[in-house]
Structure formats: structure tokens, C-alpha cells
Amino acid sequence: MPALPNAKLRALGDLALAAAVVGGSATLFVGAASLPPPRFEPLGSAFMPRVLGAVLIVLAIIVALRAALILIRPADVSDTAPSGASLRLPYRGAITLVLLVAYVAAMDFARVPFLLATPLFVMLAGMTIHEVSPRSALVHAALGLVLALALHYVFSTFLFIRIG
């Protein structure tokens, strides 16, 4: 059996990850079903786990579709050779996990404001996962700022929760 190109191996890993995310989302839905119905608040305590589960499933479907497209296309010679155009970090998953722990710790222990910590975290995590370049830093920082502002607005306006 011939060795699979790098892109095909990554696509198989993406499919496995998507399946694990769907399984985790199913756990969220089962847990949300056991929560009591709302009495005073309009949305109830099961609302956020259900929304989170739905968002995770949509993102898993997107990843799975992309991986399936990579698996069904013919193998390309460029798939096996890494491109030297951008710097990609090894151990990206471990670095992202460390960044996530540092992000939560910064907001919890150091009281770093949400609107400052979130764009910084998204920028660093995006550069870790995607590539290390000035363009990537700018794109991920902008994405993090938009995400932070949107989450801050939704939580404070609709859910009446103040985020750091």
C-alpha cells in the first residue's frame, strides 16, 4: 500500500476530529436536556449548551466537507513536499492548548480585560494553527477584535452577563 500524501493524512485527522466534535456536541445536547425549564429568565439554562452544540456541529460539518474534498481529489505532487513560503509551527495542538490555558488564567488571575485578552488570544492561536506571518497576525487580530466585540455585545445586551 503506497504512503498517503501529507494533505490526505491531515484530511483523515480532520475527519476524526470532526467526528469527535459531533460526539462532544451530542453530550452537550444530552446534558442540556436534563436541565430544568426556565422559570424567570426568557432563555433558560439549557440555551447556551444547545447553541454551543449547534455551532460546534456546523463547524465540524465544514471541516468534514473540506476534508472529504481533499480525500476525493487526485493526489498532487506538491502535497508531499512542504512549501517554504511561510513558517509553520510543529506541535501546534500543544501550543494552542497552552495558549488557551494562558488566556483563561490571564482573565481569571491577572484580571486582563476580555476585550484585550480575546483578540490577543485569537491572533496567537490563529498564527499557531495557520502560519506565522505579518498578514496572518493582522487578519487574526482583526478577527479576534470582531469576535470579542460581538461576544461582549451579546452577553451584556441579551444575556445580562458582564464579561471582564
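A residue counts as buried under 20% relative accessible area, as exposed over 50%, and as partly exposed in between (1.4 Å probe, protein chains only). Helices are DSSP runs of H or I with at least four residues, numbered from the N terminus. The model is predicted, so local features need pLDDT of at least 70, side-chain atom pairs count only at pLDDT 80 or more, and totals for chains, interfaces and linings use all residues. Residues are numbered from 1 along each chain as its sequence is written, and side-chain values use heavy atoms, without hydrogens and water.

In helix 5, the buried residues are Ser 136, Ala 137, His 140, Gly 144, Ala 148 and Phe 155. Their cover includes helix 2 (47–72) and helix 4 (114–129). Contact here means heavy atoms within 4.5 Å. Helix 5 covers residues 134–157, 24 residues in total. The expected span is 1.5 Å times one less than the number of residues. That gives 34 Å, and the end C-alpha atoms are 34 Å apart, which agrees.

Helix 3 (residues 92–108) and helix 4 have axes that come within 10 Å and cross at roughly 175°. Axes are lines fitted to C-alpha atoms over the stretch in contact, with angles from 0 to 180 degrees between N-to-C directions. Helix 3 is therefore roughly antiparallel to helix 4, a term for angles over 145 degrees. Residues of helix 3 that meet helix 4 include Ile 95, Leu 99 and Tyr 103. On the helix 4 side, Phe 121 and Leu 124 are among them.

Ser 25 lies in helix 1 (residues 6–33). Ser 25 is buried, with a relative accessible area of 0%. Beyond neighbours within four places in sequence, Ser 25 contacts Gly 53, Leu 56 and Ile 57.

Terms used: Helix = DSSP H or I, 4+ residues; strand = E, 2+ residues; numbered from the N terminus. Parallel < 35°, antiparallel > 145°, perpendicular 65-115°, else oblique.
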